[in-house]
Amino acid sequence: MPEEQSCFSGIVASEEIMNRQIAIVLMMVLLAMPASAGRRRPVAPVVDDALSIVFVDGQAADNSLTAAGADAWLDVKDLSRNPGSRERGTRVRRRFGVRVVRNSGTASGTVTITARLQSSDGRTQMRLDGKPLTEAPSVVDAHAAIGAVTLHTLEIEINDAIPAGPIAAAISWEVTTQ
Amino acid sequence: MKNAFAVCFAVVLLSVASVASAATSSGTLTVTGTVESSINLTVESAGGTTSGTGTAAASSDLGNISKFGSAPTGFTLARGASNWTISSTIGVQVVKANLTSTDYTLTAQLGSAPASGITWKLNGSTLSDSAATTLTSTGTYASTGSYSWDIVVADSAAAAAIDNAINFTAASN
């Protein structure tokens with residue numbers, strides 16, 4: 001009987017040890033998780049190394065691009081068929097620059113820049129550096145240096161059959177570190 | 001128990017991996033503009049030695065012309081009792097873009113007053129430098145219209161250059 005008790009108490013002791021071990025491991029997990037998932041342990045100040053995309057007007061005296069943070073507005077204004085042109089449709093080209101910066105200010109490394117047609121009124125066809133823009137992301141620059149401006153050409157084509165009126169489209173850009 | 005440890009270890013690894021993932025950033029370029037309606041006129045053909053056909057500013061050199069000489073390239077010559085006429089055609093094309101109009105009106109006007117004794121005609125109508133002459137009010141877009149072109153020279157006209165310009169104007173209806 002005492003052996004049975006001893007044995008019984010021995011089992012209890014073993015479960016307590018296991019519970020403590022599990023608790024320790026869970027605490028380690030919690031400490032390793034991002035701050036958003038729990039209270040962050042005190043650490044040394046972290047440098048903000050996030051990336052930002054900046055648009056730059058690429059045509060002197062054009063002033064058609066207005067940048068605001070990571071977004072920009074390109075107004076190609078009034079479009080009409082070039083007098084004397086034998087081409088079908090109207091084409092307009094705008095050159096602009098894209099610069100990727102680190103919020104920390106450092107300019108090292110390269111990124112991949114992709115672009116896709118986020119929305120369009122369907123009245124135009126757009127090409128970026130000669131490639132048709134679609135809703136699927138396409139690589140614009142596979143090795144863009146952080147901090148450097150890369151120039152790109154947006155070509156907007158308007159079919160002659162499209163009625164006169166406003167056009168609108170939005171191009172989504174994404175940069176990813178390599 | 002071993003299983004419990006394994007799960008916890010995996011969670012720790014995943015947490016570390018997510019910290020080391022690639023950084024991304026995004027932006028949007030909004031494009032706006034306004035498409036305007038337009039039409040475009042080109043001179044496709046003309047008698048004489050031409051240059052600039054297919055554009056809106058063609059020229060035609062007739063060389064030296066006389067009643068009893070030969071007709072300039074692309075012209076015919078008809079002699080009358082007191083005058084003579086060289087005749088050809090001018091082809092004019094008007095195309096439209098971003099326009100719902102179905103036809104156009106084409107007019108012509110001389111760029112300067114013709115020399116004395118010289119008469120310029122298109123489609124049988126005498127041209128002047130003071131008022132436009134309507135050649136058609138139902139022109140078909142993207143189709144070359146051919147208009148008869150006559151230059152009538154009176155026998156009394158002085159021997160001199162007859163240079164002039166015919167200004168065409170197309171207006172969508």
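Read along the sequence, the elements of chain B follow the pattern α-β-β-β-β-β-β-β-β-β-β-β-β, which amounts to 1 helix and 12 strands. Helices (H or I, at least four residues) and strands (E, at least two) are DSSP runs, numbered from the N terminus. The model is predicted, so that local features need pLDDT of at least 70 and side-chain atom pairs count only at pLDDT 80 or more, while totals for chains, interfaces and linings use all residues. Residues are numbered from 1 along each chain as its sequence is written, chains are lettered from A and ligands numbered from 1 in the order in which they are written, and side-chain values use heavy atoms, with hydrogens and water left out.

## The two chains

From its N terminus on, chain A runs α-β-β-β-β-β-β-β-β-β-β, with 1 helix and 10 strands. The table sets out values for both chains. In it, buried means under 20% relative accessible area, with exposed over 50% and partly exposed in between (1.4 Å probe, protein chains only). Accessible areas come from the Shrake-Rupley method with a 1.4 Å probe, and for residues only the protein chains shown count as cover.

| Chain | Buried residues | Accessible surface | Share from carbon and sulfur atoms |
|---|---|---|---|
| Chain A | 30% of 178 residues | about 10,800 Å² | 56% of the surface |
| Chain B | 35% of 173 residues | about 8,800 Å² | 53% of the surface |

A contact is counted when heavy atoms lie within 4.5 Å. Among the contacts of chain A between residues at least 6 apart in sequence, 75% join residues at least 24 apart. In chain B, residues 24 or more positions apart account for 70% of the contacts with a separation of 6 or more.

## Nonpolar cores

A nonpolar core is a set of buried Ala, Val, Leu, Ile, Met, Phe, Trp, Tyr and Cys residues joined through side-chain atoms within 4.5 Å. The largest such core has 34 residues, and those with the most contacts inside it are Leu154(A), Ile171(A), Trp173(A) and Leu29(B). Strand β10 of chain A (residues 165–177) gives the largest share of this core, 5 residues. Apart from it lies another core, of 28 residues, which includes Phe75(B), Tyr104(B), Trp120(B) and Leu122(B).

## Pockets

Pockets are found on a 1 Å grid over the protein atoms alone: a cavity is a set of points where a 1.4 Å probe fits but cannot get out, whereas a pocket is an open set with protein on both sides within 12 Å along at least five of seven lines, and lining residues have an atom within 4 Å of a point. Grid points are joined across faces, edges and corners, and a volume is the space filled by probe spheres set on the points.

The largest pocket has a volume of about 760 Å³. Its lining has 36 residues, of which Ser60(B), Leu62(B), Trp120(B), Ile162(B) and Asn164(B) are the closest to its centre. The elements that give two or more residues to this lining are β2 (38–46), β4 (59–61), β6 (83–97), β8 (118–122), β11 (145–154) and β12 (166–172) of chain B. By class, the lining of the largest pocket has 24 nonpolar, 8 polar and 4 charged residues, where Ala, Val, Leu, Ile, Met, Phe, Trp, Tyr, Cys and Pro count as nonpolar, Asp, Glu, Lys and Arg as charged, and the others, Gly among them, as polar.

The second largest pocket has a volume of about 320 Å³. Among its 19 lining residues, Arg81(A), Arg88(A), Asp160(A), Val95(B) and Lys96(B) lie nearest its centre. Two or more residues of this lining come from each of β2 and β6 of chain B, and β6(B) supplies the largest share, 4 residues. The lining of the second largest pocket divides into 8 nonpolar, 6 polar and 5 charged residues.

## Residues in loops

Most residues other than glycine have a negative phi. Asn98(B), in the loop between β6 and β7 (104–110) of chain B, has a positive phi near 55° and is buried, with a relative accessible area of 1%. Ala142(B) also has a positive phi, of about 65°, and sits in the loop between β10 (133–139) and β11 of chain B.

In chain A, Gln59(A) lies in the loop between β1 (51–57) and β2 (65–68) and is partly exposed, with a relative accessible area of 28%. Leaving aside its neighbours within four places in sequence, Gln59(A) is in contact with Arg93(A), Arg94(A) and Arg95(A).

Gly122(A), in the loop between β5 (110–120) and β6 (125–128) of chain A, counts as exposed at 52% relative accessibility.
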